[in-house]
Amino acid sequence: MSDRVAIVGAGIAGATAAYRAAEAGLQPVVFERLDRVGGRINSIRKGDFVFDPGASVFLPSYSHAVELIKEIGLGADLSHTTANAAFPRNGQLHEIPYGLRGILSTKYISTASKLKALKLGIFMLRNQKHLGYGDSSGIAALDTESVADYCSRELNDELHEYVAGMMVRGTWLSSTAESSVGLLLWTLKNVGAPGLHGIRGGNVRLPQKLLEGLEVRLGQTVTNVTADGDEAVVTCEGSDPERFSACIITTPADQAVAMYPQMSAVQRKLYDGIAYSALVNVSLGLATRPQIPAAYVLVAPCESDELIGVIADHVKAPGRAPDHKGLITITIDGRSAWAQQHDGEPDQVFIDKALELIRPYYGDLRDQIEEHNVARWPQVVPVNATGYFKRIAAYEQSINDRDPVHFAGDLDPVAGLNAACVSGDKAAARVVRRAANTRRRTTVGAR
Ligand SMILES: Cc1cc2nc3c(=O)[nH]c(=O)nc-3n(C[C@H](O)[C@H](O)[C@H](O)COP(=O)(O)OP(=O)(O)OC[C@H]3O[C@@H](n4cnc5c(N)ncnc54)[C@H](O)[C@@H]3O)c2cc1C
């Protein structure tokens, strides 16, 4: 059997899988339908500014991605800022320094709610060993009710709206009614660490560097993958089928189902049920720096239906804007009624809306704009609805190393660039083990 392994998708999951496969001596061939690598990670330079229109925030808990960055020689370009986050309430911005003192002193929520929030903190601490990456069985056991149901049972309205609501929508673009309480606990543990990382020159440098020197076929849309005996057969639009020793599919769920009709019932149950959140990112390169020092602003849904938050790119990472200039990204909920109503309209409509949404906190920035970028993303991350973690855990249990077709991507157990790295690593490890076993069997057979 050949050592050629097909990887479908050149996002971060596919890039990590390809890098690991090559490192183990296999020959990855990456198929990517776009004319660029990175998938939902992208970076664009316009004038003085470096925009990250896709995945933007690189959390301190992304230890797997950090190790990978160092391993491939990008460590010197990895930055860390300790800047705070800020949260609006009734038009006023509350900046909360990291740590207990910040939480105790903030007027963002009442003292009664702070005391009540201890319950949530204890719930999270008791379960924190289940709230990592790579194994969904622990979090599956917590996946019993929605965030909204948990809040009304154990917390109060203020915590529901201003803490739980802000966290699940601010980080996952989903509502408390649709999200599993497991997601809230996971977020509390992994998003709470101080500061942010950044990659100098743009986040896309990570998948680009991983894929350097490997065979990447851009502009190739895979239409079908078939497991045929010990091999995987991959067909691209307008091309003949090609045989590989294995294939790793790293596309979002609906595309994976469409290209691999042989998918098992347990995996199909997971993939068919996945809905994605949507986002319109309006990034503005500004002539001067806004005075708000926070790295990001997250907005509770009860404060705004459309505005999810603002990322201060110039604070988040070095080199996104010159020292005296600013770069901010306003994130608008793509599933909000306003965004649906204006779907397909010109960029200026979204820029005007973004300026209006942030005016109470940033003032009028209209005359400050030097460059802009509007990015519309119909698929951002899966909505982790109640029951989702149980379905992921069941799927993980069903994975068979011996199969020629494997999967990686957003499901590990919570989406994001670190999770995609972890899942790319794991899928590559399965394929590498499988290749080693095949070689061993062939050698023994030949004796
Ligand atoms: C706007 C936005 C903001 C985000 N913000 C953050 C953030 O701040 N922090 C964070 O950690 N995560 C964030 N995410 C999520 C993060 O980007 C994703 O979880 C992660 O990048 C997913 O990587 P992936 O490789 O699994 O999938 P993708 O990046 O989607 O890669 C899949 C690739 O497969 C290709 N493909 C699809 N179908 C085919 C086909 N038929 N043939 C060939 N190729 C195909 C696609 O073009 C794509 O390149 C954000 C995502 C978006 C969209």
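What volume does the second largest pocket have? The second largest pocket has a volume of about 1,100 Å³, where a pocket is, on a 1 Å grid over the protein atoms alone, an open set of points with protein on both sides within 12 Å along at least five of seven lines, and lining residues have an atom within 4 Å of a point. Of the 35 residues that line this pocket, Ile-103, Val-163, Met-167, Leu-188 and Gly-192 are the closest to its centre. The model is a predicted one, in which local features need pLDDT of at least 70 and side-chain atom pairs count only at pLDDT 80 or more, while totals for chains, interfaces and linings use all residues. Residues are numbered from 1 along each chain as its sequence is written, and side-chain values use heavy atoms, with hydrogens and water left out.

Among the elements that each supply at least two residues to the lining of the second largest pocket are strand E6 (85-89), helix H7 (157-172) and helix H8 (181-191), whereas H4 gives the most, with nine residues. By class, this lining has 26 nonpolar, seven polar and two charged residues, with Ala, Val, Leu, Ile, Met, Phe, Trp, Tyr, Cys and Pro counted as nonpolar, Asp, Glu, Lys and Arg as charged, and the others, Gly among them, as polar.

Turning to the ligand, 38 residues surround it, and the closest are Glu-32, Arg-40, Val-57, Tyr-62 and Asp-410, a residue being near if one of its heavy atoms lies within 4 Å. Domain 1 (4-39 + 203-275 + 387-446) and domain 2 (63-67 + 77-198 + 276-377) both give residues to this shell, so the ligand lies between them; the domain bounds come from an automatic or database domain assignment. The shell has 19 nonpolar, 15 polar and four charged residues. A polar side-chain atom of Glu-32 lies 2.6 Å from an oxygen atom of the ligand, and a polar backbone atom of Gly-416 is 3.1 Å from an oxygen atom of the ligand.

The structure also holds one cavity of 30 Å³ or more, a cavity being a set of points where a 1.4 Å probe fits but cannot get out. The largest cavity has a volume of about 60 Å³, a volume being the space filled by probe spheres set on grid points that are joined across faces, edges and corners. Its lining includes Arg-40, Tyr-271 and Asp-410.

Conventions:
Helix = DSSP H or I, 4+ residues; strand = E, 2+ residues; numbered from the N terminus. Polar contact = N/O pair within 3.5 Å; in protein donor to acceptor, adjacent residues only side chain to side chain.
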